[in-house]
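Thanks for coming. I will go through one structure, a piece at a time, and you can follow along on the screen.

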Amino acid sequence: MIVVRRGRPHDPERVQQEMEAVFRTMLGPRQGLDRGSAGRWRPSLEVYETRDALVVVAEIAGMDEGQLEVVVDGGMLAIRGERPDPDHSERRAYHEARIPYGAFGAEVYIPFPVDPERTQAEYRNGFLRIVLPRTMARTIVPRPLGEEAGNEGER
């Protein structure tokens, strides 16, 4: 599994991407509006936050960990990969075909600052679980001006 961490870019197309994600969710996985994802399917997701983190769980069965890509890019989390199509060496007549194969992808908006260095991703039993820990608040304790000036004179 590849985890790529990048800084927070100022992306002017972010609102458009988020709206397209909303429409993809409303219209279903096969009717998405994303121009760059023709033929891609979107896995089922659960996204929730706890006191300490944002947690994303994706249902992606039939994969090896090395076939998944998880990217934290600014305020977005992207999950990508490709589920291989099973061997079709023999002729088949499907009665029901609801398991998508091929390239897939999903993007999730991260609503608060997270610590990409502590991000964890685990793939087990067909579920990809990503934990994005909140950035811890830092307490800044101001020093009196007199202490700072006194320390400079000792150097």
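The side chain of Thr-119 makes a polar contact with the backbone oxygen of Asp-115, at 3.3 Å. Before going on, please keep in mind that this is a predicted model. Thr-119 sits in a loop, the one between strand S6, residues 102–109, and strand S7, residues 120–124. Is Thr-119 buried or exposed? Its relative accessible area is 9%, and buried means under 20%, so Thr-119 counts as buried.

Now the sheet. Which strands form it, and in what order? It is an open sheet of four strands, ordered S2-S3-S8-S7, with antiparallel pairing. S2 and S7 are the edge strands, each pairing on one side only. From one strand to the next, the twist averages 15°.

Let me take strand S3, residues 53–59, and look at its two partners. On one side there is S2, residues 44–49, joined to S3 by six bridges. S2 and S3 form a hairpin, with three residues between them.

You can follow one residue across. Ala-58 in S3 stands opposite Leu-45, and in S8 its bridge partner is Leu-128. How many of the seven residues of S3 are buried? Six of them are, so to speak, under cover: the strand is mostly covered.

In soluble globular proteins, nonpolar side chains tend to be buried together. Here the largest nonpolar core has 20 residues. The residues with the most contacts inside this core are Ile-60, Leu-77, Ile-79, Leu-128, Ile-130 and Leu-132. The elements giving two or more residues to the core are S3, S4 (68–73), S5 (76–83), S6 and S8.

What does Leu-77 touch, leaving aside its neighbours within four places in sequence? Its contacts include Val-56, Val-70, Ala-106, Ile-130 and Leu-132.

Last, Leu-68, which belongs to strand S4. Leu-68 has 1% relative accessibility and therefore counts as buried. Arg-83 is 15 residues away from Leu-68 along the chain, and their C-alpha atoms are separated by 9.1 Å.

That is what I have for today.

Terms used: Residues are numbered from 1 along each chain as its sequence is written. This is a predicted model: local features need pLDDT of at least 70, side-chain atom pairs count only at pLDDT 80 or more; totals for chains, interfaces and linings use all residues. Side-chain values use heavy atoms; hydrogens and water are left out. Buried means under 20% relative accessible area, exposed over 50%, partly exposed in between (1.4 Å probe, protein chains only). Two strands pair if DSSP finds at least two bridges between them. A polar contact is a pair of N or O atoms within 3.5 Å; within protein, one must be able to donate a hydrogen and the other to accept it, and residues adjacent in sequence count only if both atoms are side-chain atoms. A nonpolar core is a set of buried Ala, Val, Leu, Ile, Met, Phe, Trp, Tyr and Cys residues joined through side-chain atoms within 4.5 Å. Contact means heavy atoms within 4.5 Å. Axes are lines fitted to C-alpha atoms, for helices over the stretch in contact, and angles run from 0 to 180 degrees between N-to-C directions.
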